Amino acid sequence: MHDVVAHAMVEINVQAGVAAHLIDRNPDQARSALRHIKAASGEALSDLRATLGVLRGADGAAPVEPTAAVD
């Protein structure tokens, strides 16, 4: 899971920097970078959902009760 999140965050960070740098000089390229951010974040969310589904088990039900206390 760490690899999925880390890779997506790096990609999003780089593309956000590109968009911020180009927004005034080249709006079309900035828009393209923003579309890459949208795609990368959507893919990462899908991967995380799938991973959490596997970790939750066969029924895929999310826990609905609070977790145990620290003590």
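Student: What percentage of the 71 residues of the chain count as buried?

Tutor: Please keep in mind that this is a predicted model. In this chain, 14% of the 71 residues count as buried.

Student: Which secondary-structure elements does the chain have, and how many helices and strands are there?

Tutor: There are 2 helices and 0 strands. Helix α1 covers residues 2-22, and helix α2 covers residues 27-56.

Student: Is the chain spread out or compact when set against a globule?

Tutor: The radius of gyration is the value to consult here. For 71 residues the globule rule gives 11 Å, whereas this chain has 18 Å, well over that value, so the chain is more spread out than a compact globule.

Student: How should I describe the way in which two helices pack?

Tutor: Two packed helices are described by the angle between their axes and by the distance between those axes. In this model, α1 and α2 pack at an angle of about 165°, and their axes are 8 Å apart. Angles over 145 degrees count as roughly antiparallel, and α1 and α2 are therefore roughly antiparallel to each other. The crossing of α1 past α2 is left-handed.

Student: Which residues of α1 and α2 make the contact?

Tutor: From α1, the contributing residues are V4, V5, A8, E11, I12, Q15, A16, V18, A19 and L22. From α2, they are P27, Q29, A30, A33, L34, H36, I37, A40, S41, A44, D47 and L48.

Student: How many residues of this contact of α1 with α2 are nonpolar, polar and charged?

Tutor: The contact divides into 16 nonpolar, 4 polar and 2 charged residues.

Student: Let us turn to single residues. Is L22 buried or exposed?

Tutor: One compares the relative accessible area with a cut-off, and buried means under 20%. L22, which lies in helix α1, has a relative accessible area of 13% and is therefore buried. Leaving aside residues up to four places away in sequence, L22 touches P27, Q29 and A30.

Student: How does V18 count in terms of relative accessibility?

Tutor: V18 belongs to helix α1 and, at 32% relative accessibility, counts as partly exposed. V18 is also one of the residues in the contact with α2. Its C-alpha atom is separated by 44 Å from that of A68, which is 50 residues apart from V18 along the chain.

Student: Are H2 and P66 buried or exposed?

Tutor: The cut-off for exposed is over 50%. H2, found in helix α1, has a relative accessible area of 62% and is therefore exposed. P66 is placed in the segment after α2, and at 78% relative accessibility P66 counts as exposed.

Student: How are the C-alpha atoms of H2 and P66 separated from that of A20?

Tutor: For H2 and A20, 18 residues apart along the chain, the separation is 27 Å. For P66 and A20, 46 residues apart along the chain, the separation is 41 Å.

Methods. Residues numbered from 1 in each chain as written. Predicted model: local features only at pLDDT ≥ 70, side-chain atom pairs only at ≥ 80, totals over all residues. Heavy atoms only, no water. Axes fitted to C-alpha atoms, helices over the stretch in contact; angles between N-to-C directions. Helix = DSSP H or I, 4+ residues; strand = E, 2+ residues; numbered from the N terminus. Parallel < 35°, antiparallel > 145°, perpendicular 65-115°, else oblique. Left-handed = near helix turned anticlockwise from the far one by under 90°. Contact = heavy atoms within 4.5 Å. Nonpolar A, V, L, I, M, F, W, Y, C, P; charged D, E, K, R; others polar. Rg over C-alpha atoms; globule rule 2.2 N^0.38 Å. Buried < 20%, exposed > 50% of the residue type's maximum accessible area, 1.4 Å probe, protein only.
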